[in-house]
Amino acid sequence: MTTLRRRSLLTAGAALCAPALPRAQGQARLLVIGGGFGGASAASFACRSYPWLDVTLVEPQPRLITCPYGNLVIAGERRIEEITHGYDGLRARGVRVVQDWAEDVDPVARRVRLRGGDALPYDRLILSPGIAIRFGAIDGYDEAASGTMPHAWIAGDGAQMLLLRRQLEAMPDGGVVGLAIPANPFRCPPGPYERISMIAHYLKRHKPRSKILALDAKDSFSKQALFQDGWTALYPGMIEWVPLAGDGRVVRVDVREGVLETEFGTRHRVDVGNVIPPQSAARIATAAGLTDRTGWVTVDTRTFEARAAPGVHVIGDANIPGPMPKSGFVANSTAKQAVASAAALLRGEAAPEGVYFNTCYSHVGAEFGISVVNIFRPSADGTGIVEVPNSGGVSPRGNLPEQRRLEAGHADDWYRSITADMFR
Amino acid sequence: MSQRHRLALEWGIVGLTFLAIAGPARSQPAPLAAQGCLGCHGPNGAGSGGIPSLAGRDQSELATAMAAFRANERPATIMNRIARGYTEAEIAAAVGYFAGTR
């Protein structure tokens, strides 16, 4: 054997999850699109559990900046480096990481076309592309407007998050921070309210005469009573939440004037505007014809294959799996089910029984954490998802400082654990 | 490269292959029911900060704790809410897995 041949053998083996194994004939190719909570979890779990899979991950960003804990960056409680994760751990395990945009899926030919021109073939596809902002759904809010009034709802390269942070820092004491919050469904249901809390936490210490005006397109929200209890206790008089019924739905923005305009024509002048617009599945899901009229992808609730394209398992915030929230924990949990199903189907076996978990913490204050827990299973007919009766639920209400303090700590511990699970 | 060296190299690869499949370095993946635990308890259930380790703990100890959480008979922040979502079979699979991890 020549040196050259030996090197090419090693190169071929580098894409395998068991790097010591030479590539076998007919090895199954698992292609993962998107390196966020769903995709990174899928690639990591696939390599660890099914060493016979050839796993490739396509992700345009060189590193993942997580949306979870982004609200703490916006509040100055974390540095962005602390929520940034590289893909070297996955590479070391044998995942081939391709830094490029996936443009389109051909589910018949089983190929994904990349912006760089390559077409990657697959035997099973895990599609975890995240969300798209529906620019234009709010009059006056296009991509350019997000450079003045950030959405900070897709982390990307971190620019949106850091822009909102800088605007809060530059705002004079006594200013008004306005938020526009969308109707359901959207990414991270408690996220806007954790953001309100963390902005209030910053303002209370640095700009205590300032106000937060939260304009909401719905009448109730996740962990509502717990959030509102916390706001009353920690930030009295600072936060005004306006529900849909109180004319809370923002229909128009004027970024030059700094105005959020609601359905019945009230124009709210704000000093910092954070517009969280309506969302849909990311563009590639729409381009591939996987989305339904709602803009999200309907999936088989056991295998997570798109109804429109068997062999394409859609996980994370892009799908619309009944009552399951669009959370990082659900993306991680369903990623494993989707990969286990893909592996089983590749071997001609039945997909495993599904059980999906959600544990979602929110920070209300530095020592004030709250949570919601859900355990879900596919419904008996396989078309829906049901929550296990008498399980889960939110943190208890009441004056419970020790519970709140412990849960704030558990939130930090959760973040370390789940990101370790994703990138090992 | 001589014939003898090539043979040695190829047998070396076979040996590595055997190690990769059968060797002790590869820990068994957690059953799917236990995967939910890892989101907070961390890889292999090793724990994280104030969240306790499950790795290597006695099966009956873990099963007893889960039963107490389900019955609201053990102080908890969230485990009481979580434990009620599992079936007996899932708890048995999960505690069996964690008992065997390090």
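**Sheet, domains and chain contact**

In chain A, L57(A) stands opposite V97(A) in β5(A). This is a predicted model, in which local features need pLDDT of at least 70 and side-chain atom pairs count only at pLDDT 80 or more, while totals for chains, interfaces and linings use all residues. Residues are numbered from 1 along each chain as its sequence is written, and chains are lettered from A and ligands numbered from 1 in the order in which they are written.

Me: In which sense do strand β2 and β5(A) of chain A pair, parallel or antiparallel?

Reply: Two strands pair if DSSP finds at least two bridges between them. Strand β2 (residues 54–58) of chain A is joined to β5(A) over 3 bridges, and the sense is parallel.

Me: What is the strand order of the open sheet of 6 strands in chain A?

Reply: Helices (H or I, at least four residues) and strands (E, at least two) are DSSP runs, numbered from the N terminus. The edge strands of the sheet are β5 (96–98) and β19 of chain A, each pairing on one side only. With mixed pairing, the order is β5-β2-β1-β9-β20-β19 (chain A).

Me: Which residue is the bridge partner of L125(A) in β20(A)?

Reply: Strand β9 (residues 124–127) of chain A runs parallel to strand β20 (residues 309–314) of chain A, and 3 bridges join them. Within β20(A), the partner of L125(A) is V312(A).

Me: How many residues lie between β19(A) and β20(A) in their hairpin?

Reply: Strand β19 (residues 305–306) of chain A is antiparallel to β20(A), with 2 bridges. A306(A) stands opposite A309(A) in β20(A). The number of residues between the two strands of the hairpin is 2.

Me: What are the dimensions of the C-alpha trace of chain A along its principal axes?

Reply: Chain A has 10 helices and 24 strands. Its radius of gyration, taken over C-alpha atoms, is 22 Å, which agrees with the value near 22 Å for a compact globule of 424 residues (the rule is 2.2 Å times the number of residues to the power 0.38). The C-alpha trace spans about 75 × 45 × 40 Å.

Me: Which helix of chain A gives the most to the side of domain 1 that touches domain 2?

Reply: The domain assignment, automatic or from a database, gives domain 1 (3–130 + 282–353) and domain 2 (145–278) in chain A. The contact (C-beta atoms, placed from the backbone, within 7 Å) takes 19 residues from domain 1 of chain A and 22 residues from domain 2 of chain A. With 5 residues, the helix that gives the most to the domain 1 side is α3 (residues 70–74) of chain A.

Me: Which element provides the largest share of the side of chain A that touches chain B?

Reply: This contact takes 39 residues from chain A and 29 residues from chain B. Among the elements giving two or more residues to the chain A side are α2 (37–49), α9 (328–346) and α10 (401–423) of chain A. The largest share, 13 residues, comes from α10(A).

Me: Why are α2(A) and α10(A) described as oblique to each other?

Reply: Axes are lines fitted to C-alpha atoms, for helices over the stretch in contact, and angles run from 0 to 180 degrees between N-to-C directions. Angles under 35 degrees count as roughly parallel, over 145 as roughly antiparallel, 65 to 115 as roughly perpendicular and the rest as oblique. The axes of α2(A) and α10(A) come within 7 Å, and α2(A) and α10(A) are therefore oblique, with a crossing angle of roughly 55 degrees.

Notes:
Two residues are in contact if their C-beta atoms, placed from the backbone, lie within 7 Å.
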